[in-house]
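Hi,

Here's the structure I said I'd pass along. Have a look, and my notes follow below.

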Amino acid sequence: MSVAFLKDERKELIIKQIGLHTRMSLTDLATTLNVSEDTIRRDINDLSEEGKLIKIRGGAMSKAYHHSSQLQETYAHQNKITIAEKALTLLHDGMLILIGGGTTIREFIKMIPTDLKATFITVNPLTAVELLDKPNLEIIMIGGQISRYSRMSVGGEVYQRLSELRVDLCIMGTNAIDPKEGLTDSDWETVQAKKAMIRAAQKVAVLAIAEKMNSVMRMKVADLDQIDYLVTELSADSVQLAPYRTGQTNVL
């Protein structure tokens, strides 16, 4: 009974971590739960068969980030709606916007007014499809090899195309954010794509639920002072956000 309980508890922790970060590698899950990668692999196989997550190469992904997902599968759904509503204040007609992907970005796209006239550029196929529901938007998809981990177009040609852009605003999510370590992730290709997106923008907005604050992953994406707007579900004057209020970063 004890072993079964520990296994069930471990699986619940895996589901929580996957929901929070959208996707995680076997290595990161093993480190977080302090067990072997073989143990995590077996748990992920079980959870995949149970329909509770999606197994990907080297790790697992939240069902909410899959193209067939339903709203009830989205982790912290109401908080992401709150973030999306705040982020809408950054939009106005005529903008050139570079946008990432993820479940919070998905909620944001749903709320974009149908009469907004702007151009959106993305490296995320699912984001491009979701934007098609907005009749007055011009949509540009930068294509290339698709990462099975991040669902983004990656590779040298993609980074070259991004280097040729100078957009008004880049809107992206993050897997982890910390006042000292900035934005971090655990996948090399994802990190390179996000670095290129940030370099391509005059302003950068990061959308993140509060649970991702004060967390750090293995690879650096950007320092906090490279971010112009941090949008969370918390009140802008929340004490939790005090370390993130810098001369460069505006907290919404």
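By contact I mean heavy atoms within 4.5 Å. Also keep in mind that this is a predicted model.

Skipping neighbours within four places in sequence, leucine 98 is in contact with Ile121, Thr122, Leu162, Val167, Leu169, Cys170, Ile171, Met197 and Ala200. Two of those names come back when you look at the largest nonpolar core, which has 33 residues: Leu98, Leu162 and Met197 are the ones that touch the most other members. As for where that core comes from, at least two residues each are supplied by α7 (156–163), β9 (167–173), α8 (188–199), β12 (201–207) and β13 (219–222). The largest share is from α8, with five residues. There's another core apart from this one, made of 25 residues and including Leu20, Met95, Ile105 and Ile209.

Next, threonine 104. This residue sits in helix α5, which covers residues 103–111. Is threonine 104 buried or exposed? Its relative accessible area is 9%, and the cut-off for buried is under 20%, so threonine 104 counts as buried. Leaving out neighbours within four places in sequence, threonine 104 is in contact with Lys80, Ile83 and Leu207.

Last, the annotation. UniProt has an unreviewed entry that lists residues 7–62 as "domain: HTH deoR-type".

Cheers

Conventions. Residues numbered from 1 in each chain as written. Predicted model: local features only at pLDDT ≥ 70, side-chain atom pairs only at ≥ 80, totals over all residues. Heavy atoms only, no water. UniProt positions renumbered as here; feature names shortened; annotations may be inferred. Helix = DSSP H or I, 4+ residues; strand = E, 2+ residues; numbered from the N terminus. Buried < 20%, exposed > 50% of the residue type's maximum accessible area, 1.4 Å probe, protein only. Core = buried A, V, L, I, M, F, W, Y, C linked by side-chain atoms within 4.5 Å.
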